[in-house]
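Colleague: I am new to this structure, and I would like to learn how to read its features one at a time. Could we go through them together?

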Amino acid sequence: MNITASPHIIGTNVKLVQAICMNSRHSAQVIKAVFIGVAEEVKAVCADLVCKKTVSFTAGDSVKSFYAPHMPGKTITRQLAPTGYAVGLVYYPGLLGKVVCGQPEELAARAFRLFRKEFGQSLPLIEEFAPILWNMAKDYGYADKLRIFGLEPGEEVYTLNLPSIDTLEELLMPEIPRFIDIAAELAA
């Protein structure tokens, strides 16, 4: 990645290296952001985001802003000795735990881990159901595509807001014949 071409945090010597954000036209609710720059300024930018302030940055010819969600955030900074520069990370565990990231063909399997973690005690879920569950999450609006910056080309990032067990059971009812077919194929 070319750091010199990265967006610049206005009023600082800090560059945005990577970000995962909720969709918005002019501002973005941060889930995770990585910065690099003068150590004290990186710490200040990270502190501003964790303290619920807005941080503005250049994006081509326009100015955009990050803002913090209304939940506890965490920050980590590491000094790049002896340069006087640092790398800083701001993230929100309550949101980051719901993120599914990867190449399009990997997303169903990665989302399945969240389905199994949430519903594995209540529903008999096997990995072969992953594509059905992932398509259902996207079709019914439980998977929201996120804005990203600085990830590998082709990667997609979603936040997965799983429904209640009752809602999921209702959504799965029409899929029961497909699940039976998959289970029968696996048993054969």
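Colleague: What should I know about the model and its numbering before I start?

Modeller: This is a predicted model, in which local features need pLDDT of at least 70 and side-chain atom pairs count only at pLDDT 80 or more, while totals for chains, interfaces and linings use all residues. Residues are numbered from 1 along each chain as its sequence is written, and side-chain values use heavy atoms, with hydrogens and water left out.

Colleague: What is the mean pLDDT of the chain, and where is confidence lowest and highest?

Modeller: pLDDT is the predictor's confidence in each residue, from 0 to 100. The chain has a mean pLDDT of 85, and 94% of its residues reach 70 or more. Confidence is lowest in strand β4 (residues 62–67), with a mean of 78, and highest in β6, with 93.

Colleague: How many helices and strands does the chain have?

Modeller: Helices (H or I, at least four residues) and strands (E, at least two) are DSSP runs, numbered from the N terminus. In this chain they come to six helices and ten strands, and the C-alpha trace spans about 60 × 30 × 30 Å along its principal axes.

Colleague: How do I read burial, and what share of the residues counts as buried?

Modeller: A residue is buried under 20% relative accessible area, exposed over 50%, and partly exposed in between, using a 1.4 Å probe and protein chains only. By that reading, 37% of the 188 residues of the chain count as buried.

Colleague: Which residues of helix α4 are buried, and what covers them?

Modeller: In helix α4 (residues 130–139), the buried residues are Ala130, Ile132, Leu133, Trp134, Met136 and Ala137. Their cover includes α3 (107–119), β8 (143–145), β10 (156–160), α5 (165–172) and α6 (176–187), where contact means heavy atoms within 4.5 Å. Just after α4, Gly141 takes a positive phi of about 80°.

Colleague: How many aromatic pairs are found, and how should I describe one?

Modeller: A pair of aromatic rings is described by the distance of the centres and the angle of the planes. Rings of Phe, Tyr and Trp (its six-membered ring) pair if their centres lie within 6.5 Å, and planes under 30 degrees apart count as stacked, over 60 as edge-to-face and the rest as tilted. A search of the whole structure finds four aromatic pairs. One of them joins Phe129 and Phe179 and is tilted, at 4.1 Å centre to centre with 45° between the planes. Phe129 lies in the loop between α3 and α4 and Phe179 in helix α6, so this pair ties together parts 50 residues apart in sequence. Phe129 is buried, with a relative accessible area of 7%, and Phe179 is buried, with 10%.

Colleague: Why are there zero disulfides?

Modeller: A disulfide is a pair of cysteine sulfur atoms within 2.5 Å. The structure holds zero disulfides, and the sulfur of Cys46 is 11 Å from the closest cysteine sulfur, in Cys51, which is too far for a bond. Cys46 is buried, with a relative accessible area of 1%, whereas Cys51 counts as exposed at 54% relative accessibility.
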